[in-house]
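Hello,

Here is the structure I promised to pass on. Please open it before you read the notes.

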Amino acid sequence: MSPLRRPPRLRLGLRARVMAAFALGALLLAASMALISYELTRQSLIDERERTAVRAAYFDAAVVRSGLDTDAPDVVEVLRSLDTGSSRRALLHLDGRWHARIADSGLTAAVPPELQQLVGSGQPAVQRVRVDGQTALLVGVPLSDSATYYEVNSLWELERTFQALALALTAVAILVAGSGAALGWYATRHGLRPLTAVADAAEKIAAGDVTARLDPATDPDLTRLSTSFNHMVDQLARRIERDRRFAADVSHELRSPLQTLAAAASVLQRRREHHDERTAVAAGLVADEIDRFQRLVNDLIDLARSDQPAHRAPVDVADLARRACAGHDLPPTLVRLAAGTPATWRVERRRVAQVLANLLDNAVRYGAGPVAVRLSRDGDTGIIEVDDDGPGVPVEDRAAIFDRFVRGRAAHARGTGDGTGLGLALVAQHAAAHGGTAGVDDRPGGGARFRVALPGSLA
Amino acid sequence: MTAVLVIEDDDRIRLALLLALEDEGYDARGAATAEEGLRAQRRDPADYVLVDLMLPGLDGFECIRQLRRDDDVPIVVVSARDDTHDIVAALEAGADDYLVKPVAIKELTARLRALRRRARAAAPVAAEPVPVLAFGDLEVSPEAGEVRRAGQRVPVTRTEFRLLCELAEHAGRVLSRQQLLQRVWGYDTGDERLVDVHVGRLRQKIESDPANPEHLVTLRGLGYKLRR
């Protein structure tokens, strides 16, 4: 079961993977959309800005030209008369000298020599340049052979707009990716719901309810899954029923002749004193073996059907333990209920009674008699411990003694033991039916300590 | 001598049981079929009847029902079947106890002795008058061995009567299934279904609506109580 449960290496779950795929897809889509719209917007805004700048430069150039077209032109005054606002700055190159409206050394350096040459030869030109670390649009208009007019348009505001746009588009892309992930989560939640139904049904079946089935009509895409699942459960249920019926048949077939033997043996036992010695010994052997056979059949039947979960009800376990002691002719004072442990636990009475009886039986047979039956708790787990005064159990035998048909190997008591070899196997199975465990350890001070943990008994 | 009728179709089992019971001092009688057993019981009633469930012809369940129709003789099922379904059905048909084969003879005679104690307790004891216990329209008279509802006598078996007396003597208090098993059936640890089915049978007789009992109530997880 464990290789199925634990994947060989760490992998994201189906749901996480679908979510990641949705998020990545949405991010790619949103990012490319954002990039395209950013570029398109940027291009059209720059074109628009360029057209405006050129138009304004031509207009200003005309004003300057007419201002210079006098006998003694005042260049500074002409430049000052231009209505350029704050975003345009005018430059005039006249007879090999630069003129600006305000003293600005950096501005003239911004005009590249190639552009000067081009405009000087009578060609109007536009170029993007960097002025004071900012991009700007430089428009050059030739006025005459000796005069050229330049206008520097700051693109700072436009850059700001682009930045804001980029920020907005990035935010949108992230938002879309997030929505993609959310969509993926939602879709898988719905998509995986049929699998949840399968898991629920499987859990019910594992817990012993073989009537659990999937509804094949819920989703046409999952019909095959639910049909094959139901088919599997049908097979399983049939098999369980066949096994159960076989166990019932076998037990019936064994029990009926045993009844005859038991009654006949009791007749023989009653007349022991009338027999000669040999017959009396033989009759005693027959009676003892029938008794053991009877217990063996009962233990086998118990073992065959005890793999179902326990039917819990409130049970006074301390009282049960005292009765078990009385049943083995042991003093009830052996039973010790730890402080803070209630006497009443939620367990299946029949199973816990058998656990106690079998542990006491084991202690009497192989452990030189029990010295204590301790009841305690660990959280909501009820713990039953039976201590004995025997030789203890070797470490290598500690798991094996809970297997079927293993008897007191360490004590070499097999020859004389009249146990069924199923007692501790039943203890382990009853513990498992409560979701718990059975084990054995050394008792401090010698002997063995058998320990049965029953989780959920003290909820 | 106490008479026991053994209704068992397996000749060997029947013979062995008869031998063993005779050894224990019972007047043991055998019947191979339900019909034969019913005839024998009508002709010369035994004090106890042991019934197997799987019988040819009339089965054990029907045999118990017909025996029960005639009188309140203690009936013990001795069967190799241990299905909950079979056990409950046999008890509902009217059996007083259910033993799964193989039963040790010592265990079987101990069960019969426990039933005998019950039969005695249910029989009238003239020594000192015990008052009639009344619970609304329900009257239990331990001395006369009678139960009346609204003045009408209600026929109950001895085991049912013992169970009712036990609850009536502790009226208003809860008795757990294990306590009832011990006091009524003499079991140290026994099958609680015995109590549940007998309580169900009693309710059919003493309650006007057995599904919603007003006298004999269940306290979930604790046991049963007869309301004052």
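Below are the notes on what was found.

This is a predicted model: local features need pLDDT of at least 70, side-chain atom pairs count only at pLDDT 80 or more, and totals for chains, interfaces and linings use all residues. Residues are numbered from 1 along each chain as its sequence is written, while chains are lettered from A and ligands numbered from 1 in the order in which they are written.

Chain A. Its secondary structure comes to 12 helices and 12 strands. Both are DSSP runs numbered from the N terminus: H or I over at least four residues for helices, E over at least two for strands. Chain A has 459 residues, and 29% of them are buried. Buried means 20 or more other C-beta atoms within 10 Å of the residue's own, with C-beta atoms placed from the backbone. Take the contacts in chain A between residues at least 6 apart in sequence: 61% join residues at least 24 apart. A contact here is a pair of such C-beta atoms within 7 Å.

The sheet in chain B. It is open, has 5 strands and pairs in parallel, in the order β2-β1-β3-β4-β5. Pairing requires at least two DSSP bridges between two strands. From one strand to the next, the twist averages 20°. Helix α1 (residues 11–23) of chain B packs on this sheet and touches β1 (3–7) and β2 of chain B. The direction of α1 makes about 170° with that of β2(B). Axes are lines fitted to C-alpha atoms, for helices over the stretch in contact; angles run from 0 to 180 degrees between N-to-C directions. Strand β4 (residues 75–79) of chain B and β5(B) share 4 parallel bridges. There, B:V78 stands opposite B:L99 in β5(B).

The cores. A nonpolar core is a set of buried Ala, Val, Leu, Ile, Met, Phe, Trp, Tyr and Cys residues joined through C-beta atoms within 7 Å. The largest has 72 residues, and B:I7, B:V49, B:A90 and B:L164 have the most contacts inside it. Helix α8 (residues 223–270) of chain A gives this core its largest share, 7 residues. Apart from it lies another core of 40 residues, including A:A321 and A:V355.

The interface. 18 residues of chain B are in contact with 17 residues of chain A. On the chain B side, α1(B) supplies the largest share, 7 residues.

Best wishes

Note on methods. Two residues are in contact if their C-beta atoms, placed from the backbone, lie within 7 Å. A residue is buried if 20 or more other C-beta atoms lie within 10 Å of its own, exposed if 12 or fewer, and partly exposed in between; C-beta atoms are placed from the backbone.
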